[in-house]
Amino acid sequence: MPPRPAGSRPTLSLVAKTAGTSVPTVSKVLRGGTDVSAETRAKVMEAVQAVGYTRRGGSKGESARDETGLSQVLDLVVTHFEGSWANLLIAGVGREASAAGLDVVLTLAEPGGDWVSRVLRRRTAGVIGTLVDPASHQFGALFAAGVPVVLIDPMSAPPPGVASIGVANWEGGRMAAEHLLSLGHRRMGVVAGHARHLFSRARVDGFRGAADTATAGGATVSVAHGGWNRAKAATATHTLLDGDPDITGIFACADSMALGVYDALAARGLRIPEDISVVGFDDLPEAQYITPGLTTVRQPSTELGAAAVKLLLDLSRGEDGGTRSPARMRLATELVLRASTGPAPADAAPPR
């Protein structure tokens with residue numbers, strides 16, 4: 001990458017030089033132009049991210065806007081629409097956007113797809129991104145184009161200056177551990193999501209930290225990764241119990257994975273909660289319908305979507321207080337007690 005003077009602001013010229021193309025081509029990519037090859041577009045996106053270019057003053061003057069000064073659409077960018085959690089989030093985004101007179105465009109960020117150009121061509125009021133890696137070149141192009149972005153529980157650290165909103169994941173993990181500990185469980189397992197996802201790591205860390213603090217190291221916590229998937233969570237549960245058959249309490253970092261825990265325990269002839277207690281995370285509708293009902297850490301998914309829209313609109317209107325520090329909001333989690341947890345078995349083996 002060509003060097004630039006210390007303290008200078010990256011320019012379109014620097015992006016063009018880094019990408020090996022022209023300034024008009026870079027500008028065209030950042031407007032979502034279609035007459036650019038996929039190869040050139042990728043090089044520009046990589047260069048934008050490499051030099052840290054951001055359009056001065058944002059793209060407000062270029063957006064299609066109504067009499068209030070706002071664009072009439074916003075984009076919700078996700079990697080999939082399936083599942084109860086996504087539905088709850090979409091409901092919150094849609095409700096709040098409708099109240100503000102905006103339509104929501106659901107944008108599917110498929111791996112290798114050029115979804116960002118479609119967003120840029122729409123002249124959107126802004127983007128709410130969830131289940132999408134903010135470190136991707138596509139998001140780098142959005143930031144560079146000056147499009148307001150709010151990330152919901154980003155899976156990796158947000159870029160400098162980008163707002164995010166999420167839930168108290170660490171505290172949720174702590175509550176799950178404290179509940180199991182209060183019931184006498186000392187040998188516990190965690191079925192986590194992906195190891196690289198920040199929110200999964202926070203839930204695991206909160207759980208492990210509470211177990212270590214409350215028992216001064218007198219509890220054991222084994223971790224296996226279920227990848228946010230029911231079938232993989234069942235496999236992870238078998239891995240946990242194969243490694244430590246004396247586990248009496250399991251924390252699944254998502255309700256969808258708790259269903260896989262139920263499957264694995266049933267396959268092994270183990271009863272919930274008589275043999276093993278189970279705690280989930282999310283409080284999806286399924287948590288109430290399965291038998292026994294799932295004790296879980298509730299995250300306010302619908303409220304999360306609504307709050308993301310409010311934050312995005314503040315950014316679009318320039319109502320972020322004029323500070324350089326990006327907004328970092330966290331909504332509270334709470335423990336919801338149902339029938340899947342109970343006292344540790346009287347004959348439970350002590351921690352090794």
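**View A. Strand 10 and strand 12 pair up antiparallel.** In this predicted model, three bridges link strand 10 to strand 12 (residues 334–336). Strands here are DSSP runs of E with at least two residues, helices are runs of H or I with at least four, and both are numbered from the N terminus. Two strands count as paired if DSSP finds at least two bridges between them. Look for Arg298, which sits opposite Glu334 in strand 12.

**View B. Strand 9 runs parallel to strand 10.**

**View C. Helix 1 crosses helix 2 at roughly 100°.** The axes of helix 1 (residues 12–19) and helix 2 (residues 23–30) come within 8 Å. Axes are lines fitted to C-alpha atoms, for helices over the stretch in contact, with angles from 0 to 180 degrees between N-to-C directions. The two helices are therefore roughly perpendicular (65 to 115 degrees; under 35 is roughly parallel, over 145 roughly antiparallel, the rest oblique). Leu12, Ser13, Val15 and Ala16 of helix 1 touch Val23, Val26 and Leu30 of helix 2, contact meaning heavy atoms within 4.5 Å.

**View D. Helix 7 (residues 169–182) has several buried residues, among them Met175 and His179.** Buried means under 20% relative accessible area, exposed over 50%, partly exposed in between (1.4 Å probe, protein chains only). Gly172, Gly173 and Leu180 are also on the buried list. After helix 7 comes Gly184, with a positive phi near 95°.

**Notes.** Residues are numbered from 1 along each chain as its sequence is written, and side-chain values use heavy atoms, leaving out hydrogens and water. Local features need pLDDT of at least 70, side-chain atom pairs count only at pLDDT 80 or more, and totals for chains, interfaces and linings use all residues.
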